[in-house]
Amino acid sequence: MTDNNKHITTAAGAPVGDNQNSITAGHNGPTLLQDFHLLEKLAHFNRERIPERVVHAKGAGAHGYFEVTNDEISNYTKADFLSEAGKRTDMFIRFSTVAGELGSADTVRDPRGFAVKFYTEEGNYDLVGNNTPIFFIRDAIKFPDFIHTQKRHPQTHLKDPNMVWDFWSLSPESLHQITYLHGDRGLPATLRHMNGYGSHTFKWVNAQGEVFWVKYHFISEQGVKGLDVELADKLAGENPDYHTEDLFNAIKNEDFPAWKLYVQIMPEEDAKDYKWDPFDVTKVWSKKDYPRIEVGRMVLNRNPENYFAEVEQAAFSPGQFVPGIEASPDKMLQGRLFGYSDAHRYRLGGNHHQIPINRPKNEVNNYQRDGFMAVNGNGGSKPNYEPNSQNGPAEDITAKNTPFEVSGQADSVAYDSEDHYTQAGDLYRLMSADEKDRLIKAFVGHMEPVEKEEIKLRQIEHFYKADPEWGERIAQGLGLAVPESVR
């Protein structure tokens, strides 16, 4: 028997006299319904799991800090946590795979989520990105369809390359991202050895009201390293939690991972005539046109104490901004502003901001009341409406979003640019001969199981348009010929 003066209690705090034996009628039972501790214990056990995320279900997380290293960033944004060099802000990060379920392997070919929560003095700021600077699609209306192809077939309940390549071959805007995915960076060696990106374009506003468009780049101080395909497959079977374990052990051993944050900054007027639509998330901005500017440094130095409480219940939303940072017209971002917060309302409830890992450091004042798990006093006796004459919280006019000009007819329209090939081809041509060989091998291996030849030929056409050599090599690897109509 332990002698630590700690006793088991019920959820209501009452002491438990016996946690080894249920209350029965005599030695042989049956068990009595009056055993409240038994019923409460079993009922809670049945409810230990919450719905897993539809995407980004498997993840690892850590606490740390962000420190500004550039005094001039305040020229571009009035965000207080970026106001001066040396300023530190507590943060939490969650890394994740995208397509796999909660129990899936870490070392699969998949983009990695890179979601950072900054606990600023003006509220929480979430930067919810990936380890790639681009994405598969550029309009949120296609997102449910895309994710369905990455999940399981509705009949077989198996992952199905036919669905995957049917969708990608019919969505040429995906070519740039799938090239990243099938290259060396699609299999990061560890979560520490990959970069992170905001992917979308965001709006920064400075104290004078000037607007700038920005893209975020977290560059790993550990360097970028890929994982050998055969080793990744081996680890997926032998240690499916390899990345989770590596991150935890690195921090435990005080080998603290770090990233430098850079931004590309585009003056507001440049967006009107830049060679690529700056709000198209399938495109990057040339670093020659907009060089990266250092902002600060992120260091991860503390592991979670409880995975469920801190990693599984962490709720990130790209709509959680602070003054000085706003949304851009990026169509994919616009959909995510709703979709992410709505996912948390479904998984964790309408009061998920009251969960400690999601709770802001500063005081919360609003008129949101009631609902499941309202545990912050629920506003007490204060008014639950606004405007009011009882000295309740009122709006802060200085926190209003900056206006932006819109024009044109309301309609379902695509982005102006339909060039899905130049940037993907540029990425292919940047690769070394060995990288190209690995890329071709990954593509061919992924496409071989596709049953319909027309799907393969449709995708080969996209490769060929990006770079003829690329198309020819994929076709050869699949035992097909590039259609004469494409040459």
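Mentor: Let us start with the largest cavity: β1 (59–68), β2 (88–97) and α6 (242–252) each give at least two residues to its lining. Helices (H or I, at least four residues) and strands (E, at least two) are DSSP runs, numbered from the N terminus. The model is predicted, so local features need pLDDT of at least 70 and side-chain atom pairs pLDDT 80 or more, while totals for chains, interfaces and linings use all residues. Residues are numbered from 1 along each chain as its sequence is written, and side-chain values use heavy atoms, without hydrogens and water.

Trainee: How is such space found?

Mentor: Rolling a probe the size of a water molecule over the atoms shows where empty space is left. On a 1 Å grid over the protein atoms alone, a cavity is a set of points where a 1.4 Å probe fits but cannot get out; a pocket is an open set with protein on both sides within 12 Å along at least five of seven lines; lining residues have an atom within 4 Å of a point.

Trainee: Which element gives the largest share of the lining of the largest cavity?

Mentor: Strand β2 does, with three residues. Among the lining residues are Lys58, Phe95, Asp106 and His243.

Trainee: What does UniProt place at residues 9–394?

Mentor: The unreviewed UniProt entry places "domain: Catalase core" there; such annotations may be inferred rather than shown by experiment. Residues 9–394 are 21% helix and 20% strand, and their end C-alpha atoms lie 43 Å apart.
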